[in-house]
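This report is for a reader new to the structure.

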Amino acid sequence: MAGFVSNLLILLLLFQNICLGFRSPISVFKRYKDTSTSLSSECLGSNQPVISFGLSDFALDIRMPAVTPKQSDTYLCMSVPLPVDDEAYVVDFKPHASMDTVHHMLLFGCNEPSSTESYWDCDEGTCKDKSNILYAWARNAPPTRLPKGVGFRVGGETGSRYFVLQVHYGDVSAFRDKHKDCSGVTLHLTHQKQPLIAGMYLMMSVNTVIPPGKKVVDADIACHYKRSPMHLFAYRVHTHRLGKVVSGYRVRNGQWTLIGRQSPQLPQAFYPVKYPVDISYDDILAARCVFSGEGRTTETHIGGTANDEMCNFYIMYYMEAKHAVSYMTCTQNTNPEMFRNIPQEANIPIPVKSDVLKMMHGHHEETKDSDASYLLQQAKKEEAEILDQDFHIEEAVEWPGLDLKLGQVSGLALDPENNLVVFHRGDHVWDENSFDSKFVYQQRGLGPIEQDTIIVLNPSNAKLLHSTGRSLFYLPHGLSVDKNGNYWVTDVALHQVFKLGANDKEPLLILGVPLQPGSDKNHFCQPTDVAVDPVTGSIYVSDGYCNSRIIQFSPNGVYVMQWGEETSLGRSSPGQFCVPHSLALIPDLSQLCVADRENGRIQCFRLETGEFTREIKHKAFGRELFAVSYVPGGLLFAVNGMPYPGEVESVQGFVMNFSTGEIIDTFIPLRKSFEMPHDIVASEDRTVFVGDVHAKAVWKFSSVEKMEHRSVKKAGIEVQETKADGERKLDSSSGRILGRLRGKGSGGINLGNFFASHKGYSRKGFDRLSTEGSDQEKEEDDGTDSEEECPASPLPPAPSSS
């Protein structure tokens, strides 16, 4: 230990020369030096618990000091002082644990731990003063990070000065070999002041009883919210073995808005809220846990052992710093009657593979390989929703797409082999003479396009691989490719939707009546795009320039339902469209997002019901947003239109975090400018293609890393550094997927004391557990590129086109 302190002081004195005038490193780490206890060398990283990352950031490693629990359902606690005197912010949590040995972990913040020992039995308590839950982990959940600009405040005059780690060892059979456990969590902290303060709202049932053998038991929680607005961005569910599904909602004026819903038998991560949810004064926060008592022979109560149950719904939120409350709880049901109206989804269990359940509950041997693979996929899927911000989209100037001999490029897609598919108009042009006032195509005498309108290109070198679509179309528009490689296209002149096999000369399916515009179940009016659900095969059509609706068809083309209406005068409302122009399916979240072109926004809806879920709109979009594309893992790409006269928003591409709607990056071409970027498609490796209807070109953009990564030695430990603009940041070992979603909060009550004092509570051990208008070619002196007003009726006067 003496050698460690000497080396640390030398390192800090060297660091002082760098930080002169910013902060004395000796004072920064004084509290840690004075109060830290010696930890076992068996714990990887624990002999170097503080690692500096530049002027303002550092990492703090919090680990159990090589413990061996002797009894099942043992709760052990240990404390670590905050190694700084002044205010800091926690922005990242990286767990080090396996569910093979640890049932769950909780991290608290407080000013005085319950013990000064290196570790202690949590029956003695966690903190002498009030404690705040900062972090919760279970079931191999992936790492957690707060959104940009959000931090959990610690230190200073009001923040916690100690971290207390509580580890619940459920089944100690894993310790038969008497090995030492060093489970814990690494925190990434920064001194940079965060404008928004993170917090946690914990909803929990304290009196649920599950009768033996009863198939369905509901535990409901609801509280009125009586504070300043808060913004929700992540959630976590927690039960033990009997939990089937946990759902949380905001209830406002009788309307239920989903916050999050998940099976507690899957990795208990902090899942990102699928769309932003704000909570205002007098809203109701409600949650339901669904249990089953099948297989039990005695009553199951709420409690702290593995054979007891819990019903917890954790909500991560942020508030403006001046109003911030870091920790809140809800343990009652203020309005049981309202749960009669809870959405049906809350009562439907989320299926989990039986072999996964075995692994979750300790039966590893016969399914270890398959389960590990499945759980790894689950974890990767969840981590894929944590978005990496450290990249930039730039034009791939070596790609010869601008030299292709194309007509007006209206649609782009990627086929199952990731080849680029282009839909173009050959020698046909959509102009002011194309349609009459009733949207009837006026240039049928030209005949269909005699060139192949669908071409397939090698995405690396633009080499032609395949082409089709000759003599079938008049004015191509939207394009998508289904999981079987079939092409789905729309034609605004024919007012139809087509399904084409890659090698078929005739369509496999046609929807709509040729050359007849309409607004009933059998007609379209200039349909713009089509998307096919890879799971159900359902067909979704955006219709279009002269209708304002989304229509769903069954896989064989039978009308199912529709939603949407025209934009009313004044501000556009949810579900109203002014040219629904482009579709993006988010199958893993069961949502469909629509580029609502003339309203300059993206609207998203539930696939099953057409229910509006969220809007994404930014000033940078300007008045028009032409196209949108989604990449699994949480990235949304879009392109806007040219600015109107007198406006400053430039035409460009956007990269967005789907969960938060935040713009991560923007991009423009390098060699020539966008004229009317009409469609966009992106692949999982962040390769982006943009088709321009006026430039008759296709651009390719690629992801360029912003940061330089290198592995370095810091005080004998190899860590990953990320260098950007002279600053260094902690780079999580979860790969470069880690980004800006997820986090924790502070402030509140000691759950142990709370439950121990709860009326009627006597269950031993529970107190130890506290989680295109158109695409018409514009005149050279025309400052606009589309219609200026929305249609006022199902078949209004013809808009300008493209």
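## An aromatic cluster

Tyr-441 has a relative accessibility of 1%, under the 20% limit, and therefore counts as buried. The model that shows this is a predicted one. Tyr-441 belongs to an aromatic cluster, whose other members are Trp-430, Phe-435, Tyr-474 and Tyr-545.

Within this group, Tyr-474 is buried as well, because its relative accessibility is 15%. Tyr-441 and Tyr-474 make an edge-to-face pair, with 5.7 Å from centre to centre and 70° between the planes.

Tyr-235 is in strand E15 (residues 230–238) and Tyr-271 in strand E18 (residues 271–279), so the pair ties together parts 36 residues apart in sequence. Tyr-235 is buried, with a relative accessible area of 4%, and Tyr-271 counts as buried at 6% relative accessibility.

A charge is also placed over a ring: the charged end of Arg-614 sits over Phe-658, at 4.8 Å from the ring centre.

## A four-stranded sheet

Strands E42, E43, E44 and E45 form an open sheet in that order, with antiparallel pairing. At its edges are strand E42 (625–631) and strand E45 (663–667), each of which pairs on one side only. From one strand to the next, the twist averages 20°.

E42 and strand E43 (residues 635–640) run antiparallel and are joined by six bridges. Across this pairing, Val-628 stands opposite Ala-638 in E43. In general, the strands of a sheet pair through backbone hydrogen bonds, in either a parallel or an antiparallel way.

## Backbone details in loops

Most peptide bonds are trans, and most residues other than glycine have a negative phi. Which form does the peptide bond from Asp-543 to Gly-544 take? This bond is cis, with omega near -10°. Gly-544 lies in the loop between strand E33 (539–543) and strand E34 (549–553).

Leu-515 has a positive phi, near 65°. Leu-515 is in the loop between strand E31 (509–511) and strand E32 (527–532), and counts as partly exposed because its relative accessibility is 21%. Ser-590 also has a positive phi, near 55°. Its place is in the loop between strand E38 (580–586) and strand E39 (591–596). At 26% relative accessibility, Ser-590 counts as partly exposed.

## Confidence along the chain

The average pLDDT of the chain is 79, and 77% of the residues score at least 70. Over residues 355–389 the pLDDT is below 50, and this stretch has 72 contacts in the model beyond near neighbours in sequence. Residues 776–800 also have a pLDDT below 50, with 82 contacts beyond near neighbours in sequence. Where pLDDT is low, predicted coordinates should not be read in detail.

Definitions and conventions
Residues are numbered from 1 along each chain as its sequence is written. This is a predicted model: local features need pLDDT of at least 70, side-chain atom pairs count only at pLDDT 80 or more; totals for chains, interfaces and linings use all residues. Side-chain values use heavy atoms; hydrogens and water are left out. Two strands pair if DSSP finds at least two bridges between them. Helices (H or I, at least four residues) and strands (E, at least two) are DSSP runs, numbered from the N terminus. Axes are lines fitted to C-alpha atoms, for helices over the stretch in contact, and angles run from 0 to 180 degrees between N-to-C directions. pLDDT is the predictor's confidence in each residue, from 0 to 100. Contact means heavy atoms within 4.5 Å. Buried means under 20% relative accessible area, exposed over 50%, partly exposed in between (1.4 Å probe, protein chains only). Rings of Phe, Tyr and Trp (its six-membered ring) pair if their centres lie within 6.5 Å; planes under 30 degrees apart count as stacked, over 60 as edge-to-face and the rest as tilted. A charge sits over a ring if NZ of Lys or CZ of Arg is within 6 Å of the ring centre and within 35 degrees of the ring normal.
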